[in-house]
Amino acid sequence: MSLKKLVCTAAVAAFALVTAPPAGAIEQSQPDEVDALPFLPAPATQVWATRSLSAQPGQQPQQFLRLDIAQLTPRFVTGDSPGTVKITGKIVNVGDRKVSDIVLRLERGEPLDSEDDLRKALREPAAAEFIQPNFTKVTDELQPGQQQDFTLEVPLRGNAPTSLAIEQPGIYPILANINGRPDYGGQARLAALSTLLPVLGVPGGETKGKPGAPAKLTVLWPIADKPRMVRLGGEGQSELVDDELATSLSVNGRLYGLLEAYEKAIASMSTSMCLAIDPDLLRTVVAMTTGYKVRGGTEGKGRTEAELWLDRLKLAVTGRCVVALPYADADLVALNRAKLGNMRTIALIDGPRIIQDTLSVQPLPDLVWPEDGVLDQTTFDDLATPLAEQKYQGMKSVLLDPTGLTDAPGTAPVGIAGKHPVTAVKIDSMVSDALQGSDSRQRTLSGVTTPVENQPVSVQNALAVLVFRAGWQGDGRNVVVTPPRRWNAPLAEMTEFLGAAQKLLATGYAAQTGLEELTRATPSVKTAKVAYPPEAGAREISPTITDSVTKQSTELNGLVAAMQQADTEAASPNDLAGPLWLGLLRTMSGAWRSNEQGARSAADISQSELNALTGQVSVTPPASPILLGSGDSPIPVTITNKLDVRVTVRIVLADTPGIRKLDLADQVLPARGERVVRVPVEVLRSGRFPVNVRLTTPEGVALGDTVKLEVSSSAYGTITVIVTVIAAIALVLLSGRRIYKRVRARNGENGGDAPSIENVTPEKSSA
């Protein structure tokens with residue numbers, strides 16, 4: 001073969017290797033060979049399906065197949081479970097070529113023995129090639145775009161060719177492995193999904209012994225959503241951003257599923273479960289029950305769904321544990337950094353009252369669960385300080401992530417010393433973090449960021465970690481589980497997780513512990529300190545949004561300061577300003593973390609509502625030009641107040657050539673009233689002047705729009721008259737002085753040579 005042909009052959013071979021998976025991944029004649037996946041399999045904690053990779057040439061191989069697993073049975077193996085593991089799902093050809101000889105097998109790794117091993121497995125899939133059974137054929141071929149359903153059932157134990165060979169209890173990594181042969185390539189692993197399978201007891205074999213003391217299990221179940229309220233009004237007058245909440249409250253919706261999962265579990269977990277409710281969500285649902293509009297004017301469609309869901313919630317929480325989240329789940333640290341302490345207090349005071357009034361249940365008092373379970377020292381100190389004038393008792397207990405504490409050994413509640421001591425209940429970060437889905441913790445495959453996946457979030461790994469805590473680390477430890485605030489798992493996944501918790505309770509591996517018991521416990525450690533991880537600060541609401549909220553807060557404070565209540569029967573300033581403060585809290589919601597666009601939209605909504613309120617006090621444009629009869633005639637300005645409170649206003653005239661402003665006292669406008677105020681001015685010259693007039697509060701907050709007045713005057717102003725008189729006097733004086741000089745000059749021409757008139761003898765005339 002010539003050198004030229006040899007080079008060409010090598011180039012073709014290199015191209016084939018690039019378009020197909022690496023050679024080390026090929027499995028043809030040896031099904032038990034350890035095959036190398038060109039990218040790490042997606043862990044089931046992230047998605048219950050493999051994901052499409054980003055199209056970035058040169059950074060990852062082409063993807064040919066996608067593996068979707070619909071069901072894994074059992075999810076939690078005990079001694080009375082079936083003796084087989086069954087998975088069902090589908091395989092989809094997502095590539096651009098035919099794939100032949102598609103086969104599937106379920107592999108497993110060695111059991112994970114330590115907490116460190118489990119934490120690593122949550123970050124990246126653990127090795128699962130210790131046992132590699134035979135492949136099972138799925139289909140002969142799949143053309144691009146085609147899909148094939150499958151069911152695979154394999155023995156848990158024994159020596160069968162497809163068995164997982166599990167003989168001892170443990171937490172096992174398992175891997176669903178799809179092999180196939182794409183056109184122009186060899187047989188290779190084309191898709192895989194990794195997860196953890198907890199085995200507390202082997203069917204027909206050994207069962208893990210119970211620890212000396214059962215784990216103390218507490219579950220805080222979140223009922224929250226991103227803010228949707230634009231304006232709260234009377235019947236049919238409330239306005240929402242969109243109508244997505246109607247879908248969420250209906251059958252198969254997210255909030256519907258959260259409530260149904262809670263209802264199914266509460267009978268056997270009545271002590272250990274506690275609902276964490278966002279008061280803003282509750283108020284929004286109540287508004288929906290009376291009819292509402294969606295921004296843009298269309299009628300909302302979720303009134304019936306809201307009524308049914310709210311009735312079920314009222315029944316479910318009767319006599320149960322409830323925690324009030326900060327109003328709109330506001331980011332307390334971000335509020336503190338923006339020096340919005342009054343809003344932070346509103347977020348903590350209003351919530352419990354709304355929940356009690358709506359659901360007739362008293363939330364646990366003086367308990368705070370901050371976003372991400374962390375607080376900085378300044379915010380912590382402010383939250384712990386009582387404010388008698390605002391009827392704020394101060395935080396007595398707080399739910400914190402272990403990363404938010406130092407000098408706090410163990411899992412029991414600890415005391416944080418200070419002027420106002422606080423009991424800190426520690427969240428189990430490993431179980432809670434495992435429940436985070438792709439919306440919260442985006443992962444990477446081979447260093448390449450993957451797109452957000454819409455597949456359902458799985459709780460399989462969190463379930464495995466919970467079993468490990470109870471079965472292998474029981475030792476009486478506290479396990480406080482907090483799913484994500486706006487958890488988006490399907491109902492089936494929520495039910496699986498709570499079902500595993502119920503099994504652990506029923507079999508004595510765990511015991512129920514109420515959250516109230518933890519908050520009231522006397523801490524054995526009282527020297528813990530607050531810590532604020534740097535990564536938590538990076539997730540706060542952005543400075544752009546906090547600056548906008550600070551500006552709006554300043555305007556609102558200035559407006560409230562200018563308001564006066566007409567009488568005890570009339571509306572108070574707080575009645576008008578209260579909804580706007582709550583709107584600002586929605587802008588500072590933790591739901592907008594990592595969602596700058598959503599935060600900006602919320603800031604625009606709160607600003608528009610503030611503008612609508614200040615626009616109720618304004619200057620009324622006149623119907624015709626204003627004629628001034630003299631130079632000191634005042635300009636009549638009509639000002640209107642459409643609010644139900646008195647408002648003190650200041651009339652501001654823009655600088656206008658030809659007109660000088662004179663002092664005018666601030667005016668008090670009656671509620672729902674109108675006044676004509678004569679604004680004193682000085683006209684410096686005759687002519688026609690455009691005068692811009694606006695209203696502000698005494699503190700400078702703009703009210704309404706600027707109005708242009710057309711002012712016409714033919715009269716001279718006082719200054720003009722004075723200047724004219726002075727000029728006339730000066731002219732007379734100057735003229736007199738000139739005449740005087742001329743007379744003297746004429747007399748000076750003859751000087752002393754001129755004879756005196758008296759001594760001159762008249763000349764006689766000749767005859």
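**Exercise 1.** In this predicted model, determine in which sense β4 and strand β5 (residues 136-142) pair, and over how many bridges.

*Solution.* The two strands pair in the antiparallel sense, over five bridges. Finally, check the burial of β4 (residues 99-108): nine of its ten residues are buried, and the strand is mostly covered.

**Exercise 2.** Decide whether L332 is buried or exposed, and list which residues it touches beyond four places away in sequence.

*Solution.* Begin by locating L332, which lies in helix α7 (residues 332-337). Its relative accessible area is 2%. The cut-off for buried is under 20%, so L332 is buried. Its contacts, leaving out residues up to four places away in sequence, are P326, R344, L348, V368, P370, T379 and L383. As a distance check, L332 and L585 are 9.9 Å apart from C-alpha to C-alpha, with a sequence separation of 253 residues.

**Exercise 3.** For the second largest pocket, find which element gives the largest share of the lining.

*Solution.* The pocket holds about 950 Å³ of space. It is lined by 42 residues, and the closest to its centre are G578, P579, L580, L582 and G583. Elements giving two or more residues to the lining are β10 (229-231), α8 (341-359), α15 (543-561), α16 (573-587) and α17 (596-614). The largest share, twelve residues, belongs to α16. Sorted by class, the lining comprises 22 nonpolar, ten polar and ten charged residues.

Conventions. Residues numbered from 1 in each chain as written. Predicted model: local features only at pLDDT ≥ 70, side-chain atom pairs only at ≥ 80, totals over all residues. Heavy atoms only, no water. 1 Å grid on protein atoms, 1.4 Å probe; cavity = no way out; pocket = protein on both sides within 12 Å on 5 of 7 lines; lining within 4 Å. Points joined across faces, edges and corners; volume = space filled by probe spheres on them. Helix = DSSP H or I, 4+ residues; strand = E, 2+ residues; numbered from the N terminus. Nonpolar A, V, L, I, M, F, W, Y, C, P; charged D, E, K, R; others polar. Buried < 20%, exposed > 50% of the residue type's maximum accessible area, 1.4 Å probe, protein only. Contact = heavy atoms within 4.5 Å. Pairing = 2+ DSSP bridges.
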